[in-house]
Amino acid sequence: MEISSSALRLPFLFLLVPLLLFFLLSPWNPLHNLSGGGDSAGRRTQFPPKSLTSISPPPAEPRSPPRNPLDPLTVGEIHRVRSILSSYQPFLHHFPSIQSMSLDEPDKSRVLGWKSGDPIPPRKAFVIALLDNQSHLLTIDLDSGRVETHEISSGSGYPMLTMEDVVAAVQTAVSYPELEASAAARGLSVANLSCISPSPGWFGPDEEGKRILKVLCFSKQGTPNFYMRPLEGLVMTVDVDRREVLQFSDTGKGIPIPGRANTDYRFRPGNKPPEMERINPISMEQPRGPSFTVTDGHLVKWANWEFHLKPDQRAGLVVSRVVVRDSETGAARSVMYKGFPSELFVPYMDADEGWYFKSYMDAGEFGLGATAMPLVPLNDCPRNAYYMDGIFVSADGQPFVQSNMICLFERYAGDAAWRHSELTVSSGGQELREARAKVTLVARMAASVGNYDYTFDWEFQTDGLIKITVSLSGMLMVKGTVHDNMNQVQNQDEMGPLVSENAIGVVHDHFITFHLDMDVDGPNNTFVKVNLVKEENVEGKTPRKSYLKPKRHVAKTEDDARIKLSLYDPSEFHVVNPSRRSRLGNPSGYKVVPGGNAASLLDHSDPPQLRSAFTNNQVIWVTPYNRSELWAGGLLVYQSHGDDTLDVWSQRNREIEDRDVVLWYTLGFHHVPCQEDFPVMPTVAASFQLKPVNFFERNPILTARPVFEEDLPVCRPSESASII
């Protein structure tokens, strides 16, 4: 069966966006440019989208050597790893599929002891490869050119999917004869379909011993937003490695495909303007240029902050070696060794055959960096932004460029960093007015994991605070229905909300768990829960009957540090260095300040919850540092059973007092869709903060210089603007 290039192209959106597909599959893609040839071109099917043929390919990474022990693998190093593996005895006759490749970072103690100008520690790569349905975990020493360790995983789960896996599954599905019949029953041909390949989760022994993908199909007729037009009830289960359809189910032939009206979200100059007054363009100008610098490709310096910033194929954006300069002494003081999103769990709340398995683990199954699109200038990031590319690896071991993946910019929204005004009556009515403008530095990336877009912000303030925000937008995953109005539904509680005619917005959750290796003034820290306890005024010396009193509880073990939020059991959560005291005797610390949040309501024995047991605590876990415990859902997440999760590690109940500890924080969203989420949902965000507590001797920005009129350029409204 011949399938048009466009019919094959759009299904791959669930893993990688069309722009990335074009880069990887077109004749001039950066893999070929970077590799200088090789066998990858002969093994790759070519179908570049016509609409993108005028776009220039992304630039190659400069071939400079790494300057920091934490710098990601370079293009040259990736080529060297591939060369080493090509001559490695177990892979001589069959080169494996490279599911992921990353820097195997030096021991933490060695990184902490390294200073700029010192020799770079030996560079190593960590590779997860798939061969003969086995996951191979390899460490390669780039200096000696040999495989240092090689282990075949014996646990459950498979590595992240590659684009080649998705291509194989979709090509297998669209070639299946019964799909053509199901499409024809709905008045469509296979060429009218876009098919995606969501992960299947894990639901029992029938799924053992093989990598499977579920394939779902949609009508793309008349709209780029095919997600709004599902072929409800049609699910194909595909064995990825054997290229075989294991199960074909179509229970929805009587359910109409939702219409295409009002689904196109693209901007066109002739579009009807919104029914609101136009907002004139806004831009923050920096007449003297940005205040931050990026040296050696990854080292960021701004105001009193310094940190290492790099892209990662799985985590997306990683910040490391975060230090802040003391306003009293000028000394650089450690705050965090490493922080990144460790896993993203998205369970849908529908038990139907075509929906029960939708419980995605987006970081471990698809990769937040692998699904990151180039950011959109002036809309994703302001004019004053600096952009950073990612260099990742495809299944054949060749490097590719993820261009403009991270942006870095200063932000000013008219907020005050601190202020106070007062009329001093005793001094004859003297007026005091002091305020300081709040300017922050933001590191941002956005992952487009199929229908959803996740924006990750790390925002640094001059007062020592770090704000971490996750913003959600994109398209809903909708379910087709015979109903086009809620008045037709007798028991509305048994059906999800209609967001458009014949389209139900299925209720779902999002949970994002962050790995935060806190090093407050050094590696050895202690987690302290400061409970706010109601005290009764029993002596009755004053009319007050009750008040709040903070009571400190030092967490000795992992069990002591499991935190579930409750408004009626308020607490503060401090990570302190008991060996570093302020002039007043308080331990130096940072506290976690939760924002809006949600908790998983799934049964702990439910298969999706077994795999995502790191969401059983909402919101905090604390574990002793272990360089192998990076991923809250486990190293190998795909079809895993939940036997290698944060919950499993923490059951050892290890000691954590005055130790090198890692704090895990989970952001949560319950999403009950509504009509305003159609056809693309407005952005919704949640955040938490890492705030200094007794870290500085006093307000660290007390003496910050105010902004004066002469500091800024003269900007006047145009003659056409009206001022009222």
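This briefing walks through selected features of the structure above. The model is predicted. A UniProt annotation covers Tyr452. The largest nonpolar core has 111 residues.

- Strand β2 covers residues 124–131 and strand β3 covers residues 134–141. Eight bridges join these antiparallel strands.
- Within that pairing, Ile128 stands opposite Leu137 in β3.
- β3 also pairs with β4, in the antiparallel sense, over six bridges. Here Ile140 has Val147 in β4 as its bridge partner.
- β3 and β4 form a hairpin, with four residues between them. Gly145 sits in the turn and has a positive phi of about 75 degrees.
- In a regular strand, side chains alternate between the two faces of the sheet.

**The helix across the sheet**

**The disulfide Cys195–Cys217**

- The sulfur atoms of Cys195 and Cys217 are 2.1 Å apart, and the two residues form a disulfide.
- The torsion about their S-S bond is about 100 degrees, so this disulfide is right-handed.
- The pair links distant parts of the chain, 22 residues apart. Cys195 is in strand β5 (residues 193–196), and Cys217 is in strand β6 (residues 212–219).
- Cys195 counts as buried, at 1% relative accessibility. Cys217 is buried too, with a relative accessible area of 2%.

**The disulfide Cys381–Cys407**

- Cys381 and Cys407 form a disulfide, with 2.1 Å between their sulfur atoms.
- The torsion about this S-S bond is about -85 degrees, so the disulfide is left-handed.
- Cys381 lies in the loop between α8 (362–365) and β15 (386–393). Cys407 lies in strand β16 (residues 399–411), so the pair ties together parts that are 26 residues apart in sequence.
- Cys381 is buried, with a relative accessible area of 1%. Cys407 counts as buried at 0% relative accessibility.

**Cysteine pairing and Cys674**

- With the bonded cysteines of the protein numbered in sequence order, the pairing is 1-2, 3-4.
- Cys674 is partly exposed, and its relative accessible area is 32%.

**Nonpolar cores**

- In soluble globular proteins, nonpolar side chains tend to be buried together.
- In the largest nonpolar core, Trp458 and Leu516 touch the most other members. This core has 111 residues.
- A second, separate core has 22 residues. Among them are Leu73, Val75, Ala125 and Ile391.

**Tyr452, the annotated residue**

- The UniProt entry, which is unreviewed, annotates Tyr452 as "modified residue: 2',4',5'-topaquinone".
- Tyr452 is in strand β20 (residues 452–460).
- At 2% relative accessibility, Tyr452 falls under the 20% cut-off, so it counts as buried.
- Leaving aside residues up to four places away in sequence, Tyr452 touches several residues, including His508, His510 and His671. Tyr348, Ala447, Leu472 and Ser473 are also among its contacts.

- Val593 is in strand β30 (residues 587–593).
- Val593 is partly exposed, with a relative accessible area of 26%.
- Val593 and Gln689 are 96 residues apart in sequence. In space, their C-alpha atoms are 4.9 Å apart.
- Not counting residues up to four places away in sequence, Val593 touches Phe688, Gln689 and Lys691.

Technical notes
Residues numbered from 1 in each chain as written. Predicted model: local features only at pLDDT ≥ 70, side-chain atom pairs only at ≥ 80, totals over all residues. Heavy atoms only, no water. Pairing = 2+ DSSP bridges. Helix = DSSP H or I, 4+ residues; strand = E, 2+ residues; numbered from the N terminus. Disulfide = S-S within 2.5 Å. Buried < 20%, exposed > 50% of the residue type's maximum accessible area, 1.4 Å probe, protein only. Core = buried A, V, L, I, M, F, W, Y, C linked by side-chain atoms within 4.5 Å. UniProt positions renumbered as here; feature names shortened; annotations may be inferred. Contact = heavy atoms within 4.5 Å.
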